[in-house]
Amino acid sequence: MTSEMQILFWILLFPGFVFTAGLGLFASWLVRKVSALVQYRVGPPVLQPLRDIRKLLSKEVLIPEQANKWVFIGAPLVGLAGVLLLSTLLGVSAFWPREIFVGDIIVAIYLMVLPSLALILGSSASASPHAAVGTAREMKLVMGYELPLVLAFIVVIIKSGGALGLSAIAEHTPVASISGAVAFFVSLLCIHAKIGYVPFDMAEAETELGSGVLMEYSGGLLALWNLTSAMMLVALPMFLVQVFLGGFGTTPAGIATGLLKYVGVLVLIILIKNTNPRVRIDQAMRFFWIWCGLALVAAIALATVGNIYGIGWL
Amino acid sequence: MALSAKPIKKSPWVFHVNTGACNNCDIEIVDLLTPRFDVERFGIKLVGSPRHADALLVTGVVTAQAAPRLREVYRQTAKPCVVFAIGACACGTGIFHTGYHVVGPVDKIIKEIDPNAIIAYVPGCPPKPEAIISGVVKALSIL
């Protein structure tokens with residue numbers, strides 16, 4: 001039985017806010033540090049992301065005169081709430097499987113879109129032309145990667161015998177087959193675009209749009225966005241681990257290997273970030289819809305054939 | 001409402017404003033981000049929007065055309081913020097002080113709109129990256 005206290009604990013402390021934000025800030029430090037090492041630099045100290053947030057919270061919040069005030073202020077809260085709910089959902093289904101049904105893969109897909117939608121809303125409410133260009137790009141990017149992401153999850157659902165619950169899916173490892181591996185790599189790229197890292201950072205594009213979608217945000221609201229993207233760095237790779245790599249398990253050894261898998265996915269993301277230049281939005285759309293789409297159609301066909309004839313490695 | 005400038009010390013995000021510099025100081029500023037100097041060690045990050053910035057790195061004599069832009073950028077910056085005048089021109093208009101197009105230096109223009117602005121000076125033509133780092137550290141240490 002789950003009481004209200006238990007649910008509050010889940011949302012605020014363990015898989016939820018404190019845990020995800022702490023691990024997320026650490027992960028965003030890791031991203032900056034490894035990027036620095038790749039470029040033969042020293043990089044920032046461990047506490048740097050925390051200090052950035054603390055500083056932003058102490059700064060003035062500017063709201064543009066022509067902005068739609070309430071949407072502008074509300075959007076970061078919606079984004080944060082979305083990623084908080086997503087990480088709680090993933091954590092509960094990973095560490096308390098079978099205890100309570102909190103949602104399945106379809107709920108997770110919906111929750112994953114929420115931060116991007118909030119970003120689109122917030123930046124289009126800011127009445128800045130730079131942010132408007134960024135918003136248009138972000139919208140196209142969301143349309144671009146959602147299709148292959150859903151197709152990749154169809155492969156997962158086929159490979160795990162039609163299971164939709166996250167805890168049930170985590171008992172299979174779809175990545176140990178050809179179609180599953182293809183789906184894993186494509187969804188890794190989609191996750192990359194969702195976090196908004198190079199090569200898919202054209203919505204922020206500091207060098208051409210002056211931070212694009214986030215341009216008009218300052219002070220505490222910017223801190224909320226930074227916290228949201230830090231928490232995305234936990235929730236999204238966790239989701240891939242849960243769905244493709246066999247999840248965490250409940251034994252200490254299982255949790256340790258799960259964390260190793262998470263770090264592995266994070267390192268892959270960092271390496272992709274550091275070895276690629278920014279692509280144009282039309283190139284990204286073509287890449288996601290045509291190349292990733294075709295690869296996933298082939299993967300779905302392979303997975304279906306494998307499922308019908310009982311060949312596990314297809 | 002006066003906000004404390006203390007938290008800026010540990011993570012000063014900088015925005016680069018060119019008000020008619022010859023590009024020499026700008027190149028030295030870009031040098032700061034290279035592996036040799038790597039100011040990200042101190043949490044310094046170059047940002048693309050004055051709304052995110054804690055410090056404005058202003059280079060160049062302020063020309064008649066650039067002055068209204070500099071005022072606007074300063075107004076748009078989230079307070080509290082620090083202004084750094086980088087290079088001889090920004091500090092005191094340098095060799096261009098008799099030029100017909102010069103309305104600067106930087107501190108004069110900034111003080112027109114905010115008499116209490118925090119302004120730090122790093123002279124040199126151009127200042128060495130070491131000098132810029134030392135100027136930034138000294139300025140932040142007295143905040």
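A nonpolar core is a set of buried Ala, Val, Leu, Ile, Met, Phe, Trp, Tyr and Cys residues joined through C-beta atoms within 7 Å. The model discussed here is predicted.

Q: What makes the largest nonpolar core, and which residues have the most contacts inside it?
A: The largest core has 93 residues. Those with the most contacts inside it are A:Leu86, A:Ala152, A:Ala183, A:Met231, A:Ala235, A:Leu240 and A:Leu296. Helix H10(A) gives the most to this core, with 19 residues.

Q: What is A:Leu86 in contact with, leaving aside its neighbours within four places in sequence?
A: A:Leu86 is in contact with A:Ala108, A:Leu111, A:Met112 and A:Ala235. The cut-off for a contact is C-beta atoms within 7 Å.

Q: Which residues belong to the other core, of 41 residues?
A: Among them are B:Val14, B:Val17, B:Leu32 and B:Leu140. This core lies apart from the largest one.

Q: Why are H2(A) and H10(A) called roughly perpendicular to each other?
A: Helix H2 (residues 17–38) of chain A and H10(A) pack at an angle of about 90°. Angles of 65 to 115 degrees count as roughly perpendicular. The pair is therefore roughly perpendicular. Their axes are 7 Å apart.

Q: What makes the contact of H2(A) with H10(A), by class?
A: It has ten nonpolar, three polar and no charged residues. H2(A) brings residues including A:Leu23, A:Gly24 and A:Leu25. H10(A) brings residues including A:Leu227, A:Met231 and A:Val234.

Q: How do you know that S3 and S4 of chain B pair?
A: Pairing needs at least two bridges. Strand S3 (residues 55–59) and strand S4 (residues 82–86) of chain B have five bridges, in the parallel sense. They therefore count as paired. B:Val58 stands opposite B:Ala85 in S4(B).

Q: Why are S2 and S5 of chain B called edge strands?
A: Five strands of chain B form an open sheet in the order S2-S1-S3-S4-S5. Strand S2 (45–46) and strand S5 (118–122) each pair on one side only.

Q: Where does helix H5 of chain B pack?
A: Helix H5 (residues 129–141) packs on the sheet and touches S4 and S5 of chain B. Its direction makes about 150° with that of S5(B). Angles over 145 degrees count as roughly antiparallel, so H5(B) and S5(B) fall in that class.

Q: What makes up the contact between chain A and chain B?
A: Chain A gives 25 residues and chain B gives 18 residues. On the side of chain A, the largest share, five residues, comes from H3(A). By class, that side has eight nonpolar, eight polar and nine charged residues.

Technical notes: Residues are numbered from 1 along each chain as its sequence is written. Chains are lettered from A and ligands numbered from 1 in the order in which they are written. This is a predicted model: local features need pLDDT of at least 70, side-chain atom pairs count only at pLDDT 80 or more; totals for chains, interfaces and linings use all residues. Two residues are in contact if their C-beta atoms, placed from the backbone, lie within 7 Å. Helices (H or I, at least four residues) and strands (E, at least two) are DSSP runs, numbered from the N terminus. Ala, Val, Leu, Ile, Met, Phe, Trp, Tyr, Cys and Pro count as nonpolar, Asp, Glu, Lys and Arg as charged, and the others, Gly among them, as polar. Axes are lines fitted to C-alpha atoms, for helices over the stretch in contact, and angles run from 0 to 180 degrees between N-to-C directions. Angles under 35 degrees count as roughly parallel, over 145 as roughly antiparallel, 65 to 115 as roughly perpendicular and the rest as oblique. A residue is buried if 20 or more other C-beta atoms lie within 10 Å of its own, exposed if 12 or fewer, and partly exposed in between; C-beta atoms are placed from the backbone.
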